[in-house]
Amino acid sequence: MESINRMAVELADEAVEFAGELDVGAFDLENGATVLDFGVDHAGGIEAGLLLAEIQTAGLATVQTGMADVAGAPFTHVELACDRPDLALLCSQKAGWELSADGFEALGSGPARALVAEEAEFRELGYTDAFDLSVLTLESDDLPDEGVARVIADRAEVNTDGLYLPTYAAGSISGSVSAAARAAEMATFRLFEAGYDPRSIRSVNGRAPVAPVAGDESTAIAREMDALAYGGQVYMTVETDDASAFEAVPSTASEEYERPLGEVFDDVEWDFSEVAAGVFGPAQVTVNVVGGPTYALGRTSEDVLAESFGV
């Protein structure tokens with residue numbers, strides 16, 4: 001099977017080559033690791049955010065922007081389509097690496113997770129990557145240093161000079177764009193958590209509005225999660241019928257539905273482990289079972305989006 005790290009490295013090299021045009025910073029640390037600043041000290045932008053989402057999905061998804069209304073106002077939306085959700089979304093895009101090293105905190109996405117392959121989805125799929133270069137995107141409002149790069153490289157079992165670290169703050173344009181590209185991933189992971197075999201998902205298409213860029217990380221994260229939970233829409237084509245699993249996907253299955261998620265997170269002091277898993281789903285999902293029924297589940301909430309986005 002193709003190495004998802006090899007495919008992501010090609011995209012990371014593209015970011016280095018066009019750093020100036022994308023307003024992305026690119027520099028090597030003393031131990032050879034390459035840091036790509038997609039939205040910390042550099043501004044980044046929509047094109048940078050789209051490339052970031054491509055890197056996070058290891059080039060196995062098509063990512064593009066469009067325009068649609070939210071509460072009667074035009075907003076940029078991001079749409080992601082994928083025919084390999086098992087690899088692209090679960091084994092790569094999912095923010096499954098919680099990094100804490102020398103005071104540096106970040107959520108890690110990208111194919112470096114497949115070199116470690118300790119999460120449940122890797123065991124279920126039987127997939128482990130093997131490649132001497134690696135990419136881990138980091139959501140943080142700080143840039144990683146040599147010590148952070150060493151911790152990541154050691155765990156992924158690669159040399160630091162073969163490591164790429166695209167980094168972005170949630171409160172950046174790139175952060176908002178890449179977050180909006182996660183609707184399909186959220187639906188796929190919710191199905192997996194409900195016991196559905198992700199190999200039965202033939203294709204998935206998702207879209208969500210790009211949240212307005214916030215001035216602080218907490219507000220940015222809350223808005224981006226609202227964009228998905230109250231504005232995210234997903235269409236899936238699957239092979240196996242499982243109504244109970246499908247019903248668990250949309251965020252309407254959560255008792256917290258219709259509450260801005262910043263309030264929900266404040267209630268648990270931003271300890272996401274204390275938040276009901278159902279919150280982390282797209283607002284609306286349509287599931288087409290090949291040769292079987294089609295399920296239309298959930299609903300969007302423009303009222304919550306209007307409050308969250310300030311329109």
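How many bridges join S12 to S13, and do they run parallel or antiparallel? Five bridges join S12 to S13, and the two run antiparallel. Strands here are DSSP runs of E with at least two residues, helices are runs of H or I with at least four, and both are numbered from the N terminus. Two strands pair if DSSP finds at least two bridges between them.

This is a predicted model, where local features need pLDDT of at least 70, side-chain atom pairs count only at pLDDT 80 or more, and totals for chains, interfaces and linings use all residues. Residues are numbered from 1 along each chain as its sequence is written, and side-chain values use heavy atoms, leaving out hydrogens and water.

**Sheet layout**
- Six strands form an open sheet with mixed pairing, in the order S3-S4-S10-S11-S12-S13.
- Strand S3 (61–70) and strand S13 (294–298) are the edge strands, and each pairs on one side only.
- Neighbouring strands are turned by 15 degrees against each other on average, direction ignored; axes are lines fitted to C-alpha atoms, for helices over the stretch in contact, and angles run from 0 to 180 degrees between N-to-C directions.

**S4 and S10, with the packed helix**
- S4 (residues 73–82) pairs with S10 (residues 201–209) in the antiparallel sense over six bridges.
- Cys82 stands opposite Val204 in S10.
- Helix H13 (residues 302–309) packs on the sheet and touches S3, S4 and S10; contact means heavy atoms within 4.5 Å.
- The direction of H13 makes about 90 degrees with that of S3.

**S11, S12 and S13**
- S11 (residues 233–238) and S12 (residues 284–289) run parallel, joined by six bridges.
- Val285 in S12 stands opposite Val234 and opposite Leu297 in S13.
- The hairpin of S12 and S13 has four residues between the strands, and Gly291 takes a positive phi near 75 degrees there.
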